[in-house]
Structure formats: C-alpha cells, structure tokens
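Let's take a friendly walk through a protein model, one piece at a time. Have the sequence and the 3D view ready as you read.

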Amino acid sequence: MLKKFNLFHSILGIFFKNRPYDEKTVEISDQEYFVRGITLDDIKDLLSIEREVYAGELPWTKTAFLVELQSSEPHLYLLIQKEGKTIGFIGCRIFGKDAHITNVAVSSQNQGKGIGSFLIREVRQFAKNNDCETISLEVRISNKNAQRVYRQLGFVSNTIKPDYYTEDKEDALEMILYLKEE
C-alpha cells in the first residue's frame, strides 16, 4: 500500500510542480500590481525594459527569450504590470537542485519599491516546490545596489566569475541562497 501511495504522490508532485503560474493581483508597498507568466507576445516589452535598465544594452536577445520560454526543462518566467504596463520581470530555470535566476529587471522608475524582492520571493516558492536546495544568480561586481538587495533576501557571495559579461568584460559575483537553512 505504501508503494502505491508513494507512486501516486510522485505523479501528483510532477503534475503540480510544473503547472503554469496562476496570475494574480498583489499589493506591494500599498500599490496594486498584476503578476503572470510571460508569453512569447511579451518579449518586446522585456527587451524594452532591458534597454532602459542596461543603458541601451540587451543582455538577452529575442532569441534567448524564445529558447527559454519554449524549454521543456522546469522554469519560471514572470512579469509584473502596473496599470497594464509591464514594469519588471524575472526568469529562472531548474538545474538539478538549484533554481538559477537567469534574468531579473525592474524599470528604473519602479526600482526601490520592493518589486524585485517580490519577484525573487516568487522564485523562492517555485524553487521550494521543485525540491531545490539553492537559488543562484550572477550580478555585476559594480552593481552594489542589487547586491545589497540580494543580501537582504538571504543571498551570500560565492565566487567571482572573471570577464562574465561579454559586452564589457566586467566580472560577475555569483550569489547563492541556501533554502535548507530557512
């Protein structure tokens, strides 16, 4: 009987872990936002946010987003909107027991309002639901504000990756959040 229960539980786990994100309205710092999974139709908005946040650079191309969004590997890509306008997004992909944040950006005029932190907490829940032990990400060595936010969320510095960013050869700091310690 126990074997049948475990098999049934495993099948249910697979079904529920990989189900689509339920869109919802959330309140962050007394403001109302709408959060949902990213679709292929959203890529233009994501590229626009990247251009603004990264001073005209595009860390991710349209093709990179297409590949990630159509991947069969477990992943989560969310956007957040205010009054129908996309103002931020986050993406992560599961690699073994790690949920790796591949991309996160919040428009300049919406930074400092807790939106990025909210998106990372959504990734944390996704990671826990997928039995991950860690969440990892890379951040520019020069981006002290982002590093501060990540540390406030429990991330710790791990290693420096030399010349990580191809456009300017800047080093990246890899940061990790250990979920088992929560």
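**Cysteines and strands**

The structure holds 0 disulfides. Keep in mind that what you see is a predicted model. A disulfide is a covalent bond that joins the sulfur atoms of two cysteines. So what about Cys 92? Its nearest cysteine sulfur belongs to Cys 132 and lies 7.6 Å away, and Cys 92 takes part in no disulfide. To count as a disulfide, the two sulfur atoms would have to be within 2.5 Å.

Cys 92 has 0% relative accessibility, so it counts as buried. Cys 132 has 3% relative accessibility and therefore counts as buried too.

Now find strand β8, which covers residues 172–178. How many of its 7 residues are buried? The count is 6, which means that β8 is largely enclosed by the rest of the structure.

Which strands pair with β8? One of them is β6, residues 134–140, which runs antiparallel to β8 and pairs with it over 7 bridges. Another is β7, residues 156–161, which pairs with β8 in the antiparallel sense over 4 bridges. Here, look for Ile 160, whose bridge partner in β8 is Leu 173.

Conventions
Residues are numbered from 1 along each chain as its sequence is written. This is a predicted model: local features need pLDDT of at least 70, side-chain atom pairs count only at pLDDT 80 or more; totals for chains, interfaces and linings use all residues. Side-chain values use heavy atoms; hydrogens and water are left out. Buried means under 20% relative accessible area, exposed over 50%, partly exposed in between (1.4 Å probe, protein chains only). Helices (H or I, at least four residues) and strands (E, at least two) are DSSP runs, numbered from the N terminus. Two strands pair if DSSP finds at least two bridges between them.
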